[in-house]
Amino acid sequence: MIFGRGRFPAAVGDFETAVRARDVEAAERSFALLTSDLAAVEDTDLEAAGPRLAALLDDVPPGPRGIVAVLIGACVERGADPVLCAPAVFAGALDAFEQAAVFCEGWAAADRGTLPGHDGDGLEEADVERLGFEPVAAWQALPQFEMACVAMLNSPRVRREVPGRAELRAAVARVTELSGDPFKCLAYALAVLDDEPLVALDRATGAGFALRFSGVGDNFQLHTLLADALIGRGLVTGEAPSAEAVACCRDRAGMVLTTGSFNLVGADGEWIWNEGNPADIPVVDGVRLVVVDPPPYQRSWQAGRFFPGMTGELVYERALTPKESAALLAQVADSVH
């Protein structure tokens, strides 16, 4: 269906009315209209619809709730205010992950073996009767809530202003423990840091540098931006990444092949793997600290943003004094690898 002018706002209004009246048939009809062809909807209509649908989310039955959350995420990506939309999406996701933990525990208690797919593959009617509709629906909705939450967390305002991330992180970690599914996109998005201080120490020279980063999704992205900040300024020797690779790690679409410039090590002597994220970097004296060593072997990867909708930034602030650098370096263990 192609939406004519005004049809989408009318469908939103019909859906609101039907959900609040608990009119299942009318809700299904209007819901089908809402999700039929978003590409044809004007951005201004989606901008207006996002907060309205977010205000309604808690009243939506568990079955379609995750899909409505995805629709809210689509509205945010097309201009709706993420700060107005995020609280309801986070609350819905928290409830879904908490209910999914109940599902996982019940599944294990029934000795049902491997968990079913989120699409229902491996799920039987008897499972719904035994475990309850809401836990089953929550398990199936987790990918939708993951997608919707990431759409919210792309916004630095949401990451700074909207509460609930710690509780959601704990719920995601619990389901990961029970299911073995890491929900990596959501876990990494919830761990993204903003205006976060970072100190880099060059082990070879003892020089130290203070930096600050925001919106960096993984350590591949951090590594590339750090190499640009240090090698690009001539502060540390090595091969700097290309301008294109750096731009892709900041805000340019796409990915560009790059070669690793460093081996990054934490203060505990453990390597900081590019596959991890900056929140895992150990803290020393209140600041995340990385030691810059030469790469032990050549590593290449596609440089870009782990979250394509999230702007990444790393800003060089100053060189540490020799005394500051020496004090920090004295707290650093030798590399354990």
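Is Asp-293 buried or exposed? Asp-293 is buried, with a relative accessible area of 13%. This is a predicted model. The protein chain has 337 residues, and 48% of them count as buried. Its secondary structure comes to 13 helices and eight strands.

**The chain as a whole**

- Taken along the principal axes, the C-alpha atoms fill a box of roughly 70 × 50 × 30 Å.
- The accessible surface of the protein chain is about 15,500 Å². Carbon and sulfur atoms hold 52% of that surface.
- Consider contacts between residues at least 6 apart in sequence. Of these, 73% join residues at least 24 apart.

**Asp-293 and strand S6**

- Asp-293 sits in strand S6, which covers residues 287-293.
- Asp-293 counts as buried because its relative accessible area, 13%, is under the 20% cut-off.
- The side chain of Asp-293 makes a polar contact with the side chain of Arg-203, at 2.8 Å.
- Neighbours within four places in sequence are set aside here. Asp-293 then touches Arg-203, Phe-262, Asn-263 and Val-265.

**Ser-214 and strand S2**

- Ser-214 belongs to strand S2, residues 208-214.
- Ser-214 is buried too, at a relative accessible area of 15%.

**Helix H3 against helix H4**

- Helix H3 spans residues 43-56, and helix H4 spans residues 62-77.
- The two helices pack at an angle of about 145°, with their axes 8 Å apart.
- The crossing of H3 and H4 is left-handed.
- From H3, the contact uses Leu-46, Ala-49, Gly-50, Leu-53 and Ala-54. From H4 come Leu-71, Ile-72 and Cys-75.
- By class, this contact of H3 with H4 has seven nonpolar residues, one polar residue and no charged residues.
- Gly-50 of H3 takes part in this contact, and Gly is classed as polar.

**Helix H5 against helix H7**

- Helix H5 covers residues 82-109, and helix H7 covers residues 133-153.
- The axes of H5 and H7 come within 8 Å and cross at roughly 145°.
- H5 and H7 cross in a left-handed sense.
- What classes of residue make up the contact of H5 with H7? There are 22 nonpolar residues, two polar and one charged.
- Gly-92 is a residue of H5. Gly-92 is buried, with a relative accessible area of 11%.
- Gly-92 and Arg-65 are 27 residues apart along the chain. Their C-alpha atoms are separated by 7.9 Å.
- Pro-143 is a residue of H7. Pro-143 is partly exposed, at 29% relative accessible area.
- Why does Pro-143 count as partly exposed? Its 29% falls between the 20% and 50% cut-offs, so Pro-143 is neither buried nor exposed.
- Pro-143 and Val-70 lie 73 residues apart in sequence. From C-alpha to C-alpha, Pro-143 and Val-70 are 9.5 Å apart in space.

**Positive phi in two loops**

- Arg-22 has phi near 55°, a positive value in a residue other than glycine.
- Arg-22 lies in the loop between helix H1 (7-20) and helix H2 (24-34).
- Arg-22 is exposed because its relative accessible area, 72%, is over the 50% cut-off.
- Phe-183 also has a positive phi, about 45°, although it is not a glycine.
- Phe-183 is in the loop between helix H9 (165-179) and helix H10 (184-191).
- Phe-183 counts as buried, at 3% relative accessibility.

**Arg-169 in helix H9**

- Arg-169 lies in helix H9.
- Is Arg-169 buried, exposed or partly exposed? At 41% relative accessibility, Arg-169 counts as partly exposed.
- Arg-169 and Asp-43 are 126 residues apart along the chain. Their C-alpha atoms are separated by 31 Å.

Methods: Residues numbered from 1 in each chain as written. Predicted model: local features only at pLDDT ≥ 70, side-chain atom pairs only at ≥ 80, totals over all residues. Heavy atoms only, no water. Helix = DSSP H or I, 4+ residues; strand = E, 2+ residues; numbered from the N terminus. Buried < 20%, exposed > 50% of the residue type's maximum accessible area, 1.4 Å probe, protein only. Axes fitted to C-alpha atoms, helices over the stretch in contact; angles between N-to-C directions. Left-handed = near helix turned anticlockwise from the far one by under 90°. Polar contact = N/O pair within 3.5 Å; in protein donor to acceptor, adjacent residues only side chain to side chain. Contact = heavy atoms within 4.5 Å. Areas by Shrake-Rupley, 256 points an atom, 1.4 Å probe, with all protein chains shown as cover.
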